[in-house]
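Here is a short report on selected features of one model. Please read it alongside the sequence and the coordinates.

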Amino acid sequence: MAEPSEADKAQRAKQLASELKSQKAMLKHANRQLAMVFDLNKCLGCQTCVVACKTLWTRDEGMEYMWWATVNTQPGKGTPRDWEKLGGGFRDEEPRAGTLPSKREFGEAWEFNYDEVFFGGKGNSVHLQPSGDPDWGPNWDEDQGGGQYPNSFYFYLPRICNHCTNPACLEACPRNAIYKREEDGIVVLSQERCKGYRFCMEACPYKKIYFNLVAQKGQKCIFCYPRIEKGVAPACARQCPGRLRFVGFLDDESGPIHKLVKQWKVALPLHSEFGTQPNIYYVPPISPPRFDAEGNLDESKPRIPTDYLRYLFGDGVEAALATLKTEMAKTKAGGKSELLDLLIVYEWKSLFGPFTQDPAAIAPRRA
């Protein structure tokens, strides 16, 4: 059989590339898109959402260091450490090279001296502490923040997988193990198809995919889809005591997500310049005023630098903050604000659109 010509090889390569592009487009397709909005003006940094997720989803062997839901202090290095500098995503619709975060950068699961403290008979002479000499963890720089006294500042930033409309992880996977569910747009990583190549971890600019060294599989937030299928909100949202996590479909014009993102435009994506079209949105934090050199409040200068908020949430952050302040002024003057009534959340069910069923309706994960 004659060797194919260079022209034949080029044509075949072009055909394969077209087929792959078509396959990826099918994997990205979703009829509707679920999303969340986090109101950063209400986050307590209490980590209840983090623990709710941890106890439900990441208790198996090899998942000890995984935190699918995290709440970090801003400004801070986050988790994995310096994730914003590790690359990935897209630029001008072309994939960008990313760096594979190490388990150490995520923060390994620490061992503690429980036996010594509780059963060692040493009374108050020892205290609970991690073994070894750890130098990083998921909340290593908690509450440190930025700025200088008296104008120091910080706020909390909850994060989960963004369940992007254009997921870089999906694009990077050669096994087609990552796909969006047609009915709700949740991005799922098939444990059957995954071979542990970890290209998805490099490609995700938010670094929200973990690698299970025992199972040799990638694993990530699944938006609690078994709960969603039962009409129950994700655990991180349902357990949040601050009532800051809104859940719903983007196209539901009567729901909270559409109103905050599309109507009022006060909820913004994190680092939209990464090009993945994330479906987790944030109401940016309203900053207290700065103190001037004489110790007086200067209402014209925010404590949290606007440039920093713009770096996180894009050019729309100033308009979003202006809308929030306008609505607040309206209520202070005795008026009513539909936006503030929505954000205050007088009744918890208003957070979740159609996902307000009792969690008891779900069978336990383990017998």
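## The E8–E9 hairpin

In the hairpin of E8 and E9, 4 residues lie between the strands, and Gln216 takes a positive phi near 60°. Helices (H or I, at least four residues) and strands (E, at least two) are DSSP runs, numbered from the N terminus. E8 covers residues 209–212. E9 covers residues 217–220 and runs antiparallel to E8, with 4 bridges between them. Strands count as paired if DSSP finds at least two bridges between them. Ile209 has Lys220 of E9 as its bridge partner.

Both faces of E8 are covered. Ile209 and Phe211 are buried on one side, Tyr210 and Asn212 on the other. Buried means under 20% relative accessible area, exposed over 50%, and partly exposed in between (1.4 Å probe, protein chains only).

## Basis of the model

This is a predicted model: local features need pLDDT of at least 70, side-chain atom pairs count only at pLDDT 80 or more, and totals for chains, interfaces and linings use all residues. Residues are numbered from 1 along each chain as its sequence is written, and side-chain values use heavy atoms, with hydrogens and water left out.

## The open sheet

Four strands form an open sheet in the order E10-E1-E12-E11, with mixed pairing. E10 and E11 (268–269) stand at the edges with a single partner strand each, so one side of each lacks a neighbour in the sheet. E1 (residues 34–39) runs antiparallel to E10, joined by 5 bridges. Val37 stands opposite Phe246 in E10.

## Helix H2

H2 spans residues 48–57. Its buried residues include Cys49, Val50, Ala52, Cys53, Lys54 and Trp57. Among the elements that cover them are strands E2 (70–74) and E10 (245–249), and helices H7 (225–228) and H8 (235–238). Contact here means heavy atoms within 4.5 Å.

## A nonpolar surface patch

Trp110, Phe112, Tyr114, Phe118, Phe119, Leu128 and Trp140 make a nonpolar surface patch of about 760 Å². Phe119 lies in helix H4 (residues 114–119). Phe119 is exposed, at 67% relative accessible area.

Patch residues have over 30% relative accessible area and no salt bridge; like charges are joined within 9 Å, nonpolar side chains (Val, Leu, Ile, Met, Phe, Trp, Tyr) within 5 Å. A salt bridge puts a side-chain nitrogen of Lys or Arg within 4 Å of a carboxyl oxygen of Asp or Glu. Areas come from the Shrake-Rupley method with a 1.4 Å probe.

## Cysteines

The whole structure has 0 disulfides (cysteine sulfur pairs within 2.5 Å). For Cys194, the nearest cysteine sulfur is that of Cys200, 6.3 Å away. That is too far for a bond. Cys194 is buried at 7% relative accessibility, and Cys200 is buried at 9%.
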